[in-house]
Amino acid sequence: MANLRVALVDDYEIVLRGLEMMLRSYGDTVEVVELDLNRNVDQPVDLTLYDTFAATPGDGADVHELATNPLAGKVVVYSWDLDETHVQAALANGASGYLSKGLPAARLVSALHDIHRGESQVFKGPSGQSKSSLGDWPGREEGLTQREAEVLALITQGLGNAEIAERARLSINTVKTFIRSCYRRIGVTDRSNAILWGLEHGFFPDHKRVRPRQ
């Protein structure tokens with residue numbers, strides 16, 4: 001396979017660094033060439049991998065902005081949200097591909113090459129898989145799964161349960177389940193202490209992921 005030049009996009013430095021480390025293991029076929037946290041893609045790449053950590057959807061303005069940037073190449077959404085309506089909305093928004101976070105690393109890299117060649121667009125991975133050992137994320141050392149960490153990141157940003165459910169596209173009961181498990185893992189019993197813990201442990205965004213081009 002040819003070597004792909006890839007840009008990574010996310011709000012959180014720890015997530016970006018984790019993805020970079022994972023992809024580095026496949027350096028003979030994938031080269032991460034853009035990882036600046038405070039700039040948009042500013043040199044030509046083949047693909048831009050848009051990680052949806054903290055429930056930033058593929059059908060939002062950020063993906064559309066990237067898809068119109070000729071330097072960004074093909075935009076690929078990397079998400080837990082595999083609802084067909086949302087997948088198709090992301091593709092209609094300009095994304096060239098949509099990948100499940102449940103994909104094993106080797107399959108993820110292979111899927112990036114398939115998308116670049118135009119052979120396929122959507123890779124959903126194992127059915128029902130809800131956690132991954134790929135990459136890194138805030139709270140991983142405390143035992144939080146990616147999904148639990150996403151919910152805690154939204155709590156840290158001040159969102160209520162209904163807002164989290166809407167943004168993460170989860171049911172209210174599922175959100176409450178994640179919140180209870182988060183609290184147990186980090187040793188808090190209420191929302192205010194969860195927010196303080198989140199602020200102290202990297203759960204507030206480092207930057208805005210995509211700035212409009214002038």
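**A walk from helix to sheet**

Start by selecting Glu20: this residue is buried, with a relative accessible area of 17% (buried means under 20%, exposed over 50%, partly exposed in between, using a 1.4 Å probe and protein chains only). Keep in mind that you're looking at a predicted model, where local features need pLDDT of at least 70, side-chain atom pairs count only at pLDDT 80 or more, and totals for chains, interfaces and linings use all residues. Residues are numbered from 1 along each chain as its sequence is written, and side-chain values use heavy atoms, with hydrogens and water left out.

Arg17 is partly exposed at 37% relative accessibility.

Next, jump to Lys101 and Glu150, another salt bridge, at 3.9 Å between the closest N and O atoms. This pair ties together distant parts of the chain, 49 residues apart: Lys101 is in the loop between β5 and α4 (105–117), Glu150 in helix α5 (residues 146–156). Lys101 is buried at 2%, and Glu150 is buried at 4%. Select Arg147 too: its side chain meets that of Glu150 in a salt bridge (3.1 Å, N to O).

Last stop, the sheet: six strands, open, parallel pairing, in the order β2-β1-β3-β4-β5-β6 (strands pair if DSSP finds at least two bridges between them).

Note on methods:
Helices (H or I, at least four residues) and strands (E, at least two) are DSSP runs, numbered from the N terminus. A salt bridge is a side-chain nitrogen of Lys or Arg within 4 Å of a carboxyl oxygen of Asp or Glu.
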